[in-house]
Amino acid sequence: MRQDALSGGFADPPREAALVFRAALDAMSRPGRIVQVTGARGPAPLSPAAAALMLTCCDAETPLFLAPGHDGPALRRWVAFHLGCPLVPRGEAHFALGTWEALGPLDAFPVGTPDYPDRSATLIVERDGLSASGTRLTGPGIDGAAHLDLPDPAALAANAARFPLGVDLFLTAGDRLAALPRSTRLEVS
Amino acid sequence: MRDLQDDDARSGAGYNFAYLDEQTKRMIRRALLKAVAIPGYQVPFASREMPMPYGWGTGGVQVTAACLTPDDTLKVIDQGADDTTNAVSIRRFFARMAGVATTERTTEATVIQTRHRVPETPLRDGQILVYQVPIPEPLRFLEPRETETRRMHALEEYGLMHVKLYEDIARHGHIATSYAYPVKVEGRYVMDPSPIPKFDNPKLETAALQLFGAGREQRIYAIPPHTRVVSLDFEDHPFEATKADAACALCGATDSYLDEVVTDDTGGRMFVCSDTDYCATRREASETGDSA
């Protein structure tokens with residue numbers, strides 16, 4: 001078990017983190033695009049994509065909320081060794097990790113302030129799969145329209161309606177990830 | 001011993017990939033992701049001292065360092081030119097510190113760092129344009145207090161900027177602002193596109209990702225691809241992307257931004273493309289101007 005906590009990091013952190021960041025930046029700047037990230041793994045149920053993303057973005061400066069289902073001794077040890085994030089409740093989180101259901105209502109997370117809308121949470125939502133179909137997306141980063149299978153389009157549309165406030169999402173499944181920034185407009189039928 | 005150290009420095013040995021330490025890169029990367037999520041909003045970041053003076057592109061260099069991967073091909077331009085001091089030294093810095101390939105060709109580059117120009121060749125998906133920004137706050141010369149400009153952005157209170165443009169019209173008969181021309185991004189934030197000529201403003205709507213770094217002022221902002229970028233204007237004084245009324249003396253281009261070059265002390269002058277790669281590519285394709 002201890003072995004679990006110590007393993008799973010990048011073999012060559014500067015180069016691998018750079019590749020993962022570029023993939024994440026690509027996903028965030030082109031909502032709906034699904035990218036592949038590799039090089040990291042953590043204890044179940046953490047997906048390889050979420051592990052890589054956290055190794056790239058999170059450290060001792062980013063308070064982290066672990067949602068029920070992900071929160072557990074094995075993942076806590078992995079986070080402590082690889083990231084060193086303080087673990088905090090939803091309302092203080094810079095990053096949050098879990099399934100959509102376990103993360104709970106979006107209102108619980110920081111959405112930024114009118115003066116500093118960047119002081120908002122980034123949610124890493126673990127999913128069973130990602131598919132470029134479903135909810136129609138428009139807005140910055142999208143040429144015309146894109147489609148993405150989203151957990152709760154109505155709640156996410158409400159998040160987008162608060163722009164420039166709001167949370168930003170990464171959706172992860174296996175070694176693939178997509179992103180949904182607050183700037184994306186959702187077409188909810 | 002001394003030779004060995006010099007060799008190490010030349011090869012970049014002993015330095016982290018892309019110069020910055022990993023914690024600094026994570027901090028910049030988080031700022032970049034928020035900047036992309038809130039197009040046109042200036043995200044504060046903990047800018048580091050870089051091995052070059054402020055004003056030489058410390059913000060752009062930090063953004064580039066946080067973005068570069070070993071597979072990238074980097075192009076650096078200064079006022080459109082690949083062969084000026086600033087461009088040459090930044091390109092060599094990253095060739096050494098990140099081991100990336102470099103190019104002068106806009107079409108071959110995956111990351112382009114620029115000082116005050118947008119390349120003439122249209123950019124595509126997969127390319128990142130990194131701007132060096134001296135003063136990121138478009139309202140700064142109208143309102144010196146950061147607390148006030150921040151509140152003005154929060155309240156979307158941009159009347160003062162329109163007054164400034166109106167005063168241009170009242171005084172000169174037209175909007176005389178010719179560079180760092182303010183834009184509104186996706187209908188929300190007014191943004192300084194850095195001191196690019198207003199000729200380049202229409203190119204801010206592109207398929208490439210645009211990132212802006214201001215080192216001394218400690219701000220990062222972004223325009224995602226396919227984002228609406230509108231230059232501020234009035235119905236009766238619409239925005240106009242202006243350039244010198246001439247053709248390039250070397251390649252004959254009439255659609256590119258031109259530099260005026262004084263050639264002697266008797267009033268001789270010529271206009272040439274500011275974008276050296278655009279001009280060279282046209283001349284290789286046997287397009288010639290009057291002086292070629």
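In the lining of the largest pocket, at least two residues each are supplied by strand 7 of chain A and by helix 2 (22–37) and strand 1 (43–44) of chain B. Helices (H or I, at least four residues) and strands (E, at least two) are DSSP runs, numbered from the N terminus. The model is predicted, with local features needing pLDDT of at least 70 and side-chain atom pairs counted only at pLDDT 80 or more, while totals for chains, interfaces and linings use all residues. Residues are numbered from 1 along each chain as its sequence is written, chains are lettered from A in the order in which they are written, and side-chain values use heavy atoms, with hydrogens and water left out.

A pocket is an open set of points on a 1 Å grid over the protein atoms alone, with protein on both sides within 12 Å along at least five of seven lines; its lining residues have an atom within 4 Å of a point. The volume of the largest pocket is about 500 Å³, where a volume is the space filled by probe spheres set on the points, and grid points are joined across faces, edges and corners. Its lining comprises 21 residues, with A:His94, A:Asp118, B:Arg30, B:Ala31 and B:Lys34 nearest the centre. Helix 2 of chain B contributes the largest share, five residues. By class, the lining has 11 nonpolar, four polar and six charged residues; Ala, Val, Leu, Ile, Met, Phe, Trp, Tyr, Cys and Pro count as nonpolar, Asp, Glu, Lys and Arg as charged, and the others, Gly among them, as polar.

The second largest pocket holds about 350 Å³ of space. It is lined by 15 residues, and B:Phe141, B:Lys164, B:Tyr179, B:Ala180 and B:Asp192 are the closest to its centre. This lining consists of 11 nonpolar, one polar and three charged residues.

One cavity of 30 Å³ or more is found, a cavity being a set of grid points where a 1.4 Å probe fits but cannot get out. The volume of this largest cavity is about 110 Å³. Among its 14 lining residues, B:Tyr41, B:Gln42, B:Glu137, B:Arg150 and B:His153 lie nearest the centre. Helix 5 (146–154) and strand 7 (189–191) of chain B each supply at least two residues of the lining, helix 5 giving the largest share with four. Six of the lining residues are nonpolar, three polar and five charged.

The contact between the chains (heavy atoms within 4.5 Å) involves 43 residues from chain A and 44 residues from chain B. About 3,500 Å² is buried between them, 60% of it on carbon and sulfur atoms; buried area is the accessible area (1.4 Å probe) that two parts lose on being put together, summed over both. On the chain A side, A:Phe21, A:Arg22 and A:Asp115 lose the most area to chain B, together 18% of what that side buries.

Salt bridges (a side-chain nitrogen of Lys or Arg within 4 Å of a carboxyl oxygen of Asp or Glu) number nine between chain A and chain B. In one of them, A:Arg22 pairs with B:Asp72, with 2.6 Å between the closest N and O atoms. Over all chains, the count is 35 salt bridges. Because A:Arg22 lies in helix 2 of chain A and B:Asp72 in the loop between helix 3 (58–67) and strand 2 (73–78) of chain B, the pair joins two chains.
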